[in-house]
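Reader: I have a new model open on my screen. Please show me how to read its features, one by one.

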Amino acid sequence: MNAVSISSGRLYVMCMMAWLVLVTHPVIASFEPYQLNGGLVSAVAGKTFAIIGTDTRMIGEGGYLLESRNHLSSRLWSVEDDTLMLEIESALRSDAAALRAVKPVPIKITGPTTMVGSSGCSTDCSQLQRVVRADLRAASYYGQVSSFDPAQVANLVSQTLYSRRVFPYYAFCVVSGLDSNGGGCGKVYVYDAIGSYEQVAVAAAGTGRELLQPILDRLFTSNGNANLVNESADAAVEYLCKAYSSVSEREIGVGDNLVLHISETDTEGKVSSRVLVVKLKDH
Amino acid sequence: MSKQRTTQPITTGTSVIGLVYDGGVMIAADTLLSYGSMAKSFNTPRLYNIEDRILLGASGEYSDLQEIVAKVKALALQETTNSMESIYVDRKLPAKSLWNYLRAVMYQKRSKMNPYWNDVVVAGWDDQADKPFLGTVDKLGTTLQENLVATGFGGYLAMPLLREKWRNDLSEGEARALLEDAMKVLFYRDCRASARIQLAKCTSDGCIVSEPYELDHSNGWNAPSMIRAAGDLDGDGGW
């Protein structure tokens with residue numbers, strides 16, 4: 001037997017073995033650490049106001065199971081340790097009908113105006129909330145920050161998200177607040193899950209973002225300063241209500257209630273906040 | 001030996017369902033332990049009473065539930081014996097604190113890609129708000145506080161029925177009837193469920209977990225939907 005036929009025989013056997021290994025390797029069951037829990041958060045920055053809003057629907061495993069119509073705790077939160085959103089969630093749970101009215105509900109006169117909305121994987125959003133609040137609490141205690149300005153908070157959120165670059169927080173966020181240095185004008189930031197962010201006039205993040213963002217882009221106008229809208233807070237509220245109603249028609253992860261948190265600066269520079277809860281059409 | 005991770009549940013329990021009624025919270029689960037498609041054990045309780053204050057139940061991997069309960073019982077005991085104030089005040093672990101603690105545990109485990117493969121239901125009386133508390137934590141650490149909860153198959157089969165019939169002023173009897181009805185439906189249509197169930201309730205006075213008992217399903221197989229359809233009386237039964 002000559003050398004060529006020996007080596008081609010061996011080559012054939014090796015190819016055969018490689019193919020066998022490839023087709024017979026066991027399929028390993030694996031654990032998926034993420035889950036899409038729905039939700040659409042958005043924010044608008046105006047000359048004298050900042051609005052942040054979210055729907056309250058939470059969907060579960062598989063994308064079709066509706067877990068809650070009154071979920072707020074991981075979706076919309078203040079950077080300070082207050083329980084406003086938890087109280088609203090609790091009120092929705094106990095007597096939704098009484099709460100859902102497009103009527104101003106003055107909650108606080110002065111208080112936290114910097115809010116974060118996050119949508120995506122609810123457990124990661126909850127964890128992000130805890131980490132960001134803990135960092136701000138510590139920084140405030142040690143005198144490193146004296147006020148929770150949106151620009152500072154925005155940067156912290158970005159850093160926190162990036163710190164988990166290799167195993168991301170599946171949290172798509174928006175940050176909104178009133179800038180105490182800028183004469184009380186609104187500032188809004190939008191993020192992806194790994195911390196890249198920019199300041200914008202109108203932001204949306206979460207399921208149904210593709211449906212909401214174009215509507216808001218068209219309804220709102222801004223001249224000159226591209227990071228502020230010309231509309232008033234009341235007009236902004238009306239636009240957001242209409243836009244969310246539209247999105248909830250066609251996006252299963254969005255619906256039930258719309259919760260809007262509005263912070264405004266009046267002509268004397270005094271800050272006030274209010275929360276509106278709007279019922280979205282029953283789907 | 002290399003480190004191993006949970007990739008699938010082996011010995012499992014099926015749905016846990018629960019609701020808040022006027023004056024308390026009630027949860028229910030069957031007592032079947034499944035080993036894949038084998039019915040391994042018919043009398044395995046999955047609802048626990050922690051320090052007579054908190055109810056804990058879970059679906060999913062049973063061994064992980066046993067681990068969780070051991071950790072929780074240790075935590076509750078620590079709260080009443082080790083904490084700084086415990087020599088002066090009668091301090092007991094609040095249900096909401098336990099719920100939050102479990103969230104942290106489940107999240108940490110999932111972040112190591114080695115979860116406790118459970119959907120846990122935590123129920124109790126919230127002394128601060130003077131209201132019943134009902135919440136869930138899943139294997140990722142997703143928390144949910146609601147008036148009606150159902151894990152696993154219960155989310156598909158029982159939840160629509162519970163949502164239809166629930167009111168926030170249900171009496172204890174009505175709550176029990178509603179849960180039993182839902183458990184009956186689960187027995188009919190969840191092939192990993194049994195008719196032997198356990199009920200547990202918690203009010204401001206404390207918690208009670210019932211002994212397992214059989215649901216009366218003697219009439220169920222006569223339901224119109226269970227009778228063989230006329231369409232396949234001819235031929236071999238195929239369709």
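Reader: Is B:Arg176 buried, partly exposed or exposed?

Author: B:Arg176 is partly exposed, at a relative accessible area of 39%. Buried means under 20% relative accessible area, exposed over 50%, and partly exposed in between, with a 1.4 Å probe and protein chains only. Before we go on: this is a predicted model, where local features need pLDDT of at least 70 and side-chain atom pairs count only at pLDDT 80 or more, while totals for chains, interfaces and linings use all residues. Residues are numbered from 1 along each chain as its sequence is written, chains are lettered from A and ligands numbered from 1 in the order in which they are written, and side-chain values use heavy atoms, leaving out hydrogens and water.

Reader: Which residue forms a salt bridge with B:Arg176?

Author: The general idea comes before the case. Side chains of opposite charge can pair when their charged atoms come close. The cut-off for a salt bridge is a side-chain nitrogen of Lys or Arg within 4 Å of a carboxyl oxygen of Asp or Glu. Here B:Glu180 pairs with B:Arg176, with the closest N and O atoms 3.1 Å apart. The two are four residues apart in helix α5 of chain B, so about one helical turn separates them. Helices (H or I, at least four residues) and strands (E, at least two) are DSSP runs, numbered from the N terminus.

Reader: Which parts of chain B does the pair B:Glu172 and B:Lys201 tie together?

Author: B:Glu172 and B:Lys201 form a salt bridge, their closest N and O atoms being 3.0 Å apart. B:Glu172 lies in helix α5 (residues 172-189) and B:Lys201 in strand β12 (residues 196-203), so the pair ties together parts 29 residues apart in sequence. B:Glu172 is partly exposed, at 36% relative accessibility.

Reader: How many salt bridges are there over all chains?

Author: The search finds 21. One of them joins A:Lys279 to A:Asp282, at 2.6 Å between the closest N and O atoms. A:Lys279 is partly exposed at 39%, and A:Asp282 is exposed at 62%.

Reader: Back to α5 of chain B. Which of its residues are buried?

Author: An α-helix has 3.6 residues a turn, so residues three or four places apart point the same way. The buried residues of α5(B) are B:Ala175, B:Leu178, B:Leu179, B:Ala182, B:Met183, B:Leu186 and B:Phe187. They pack against β2 (16-21), β3 (24-30), α3 (154-157), α4 (159-165) and β12 of chain B, contact meaning heavy atoms within 4.5 Å.
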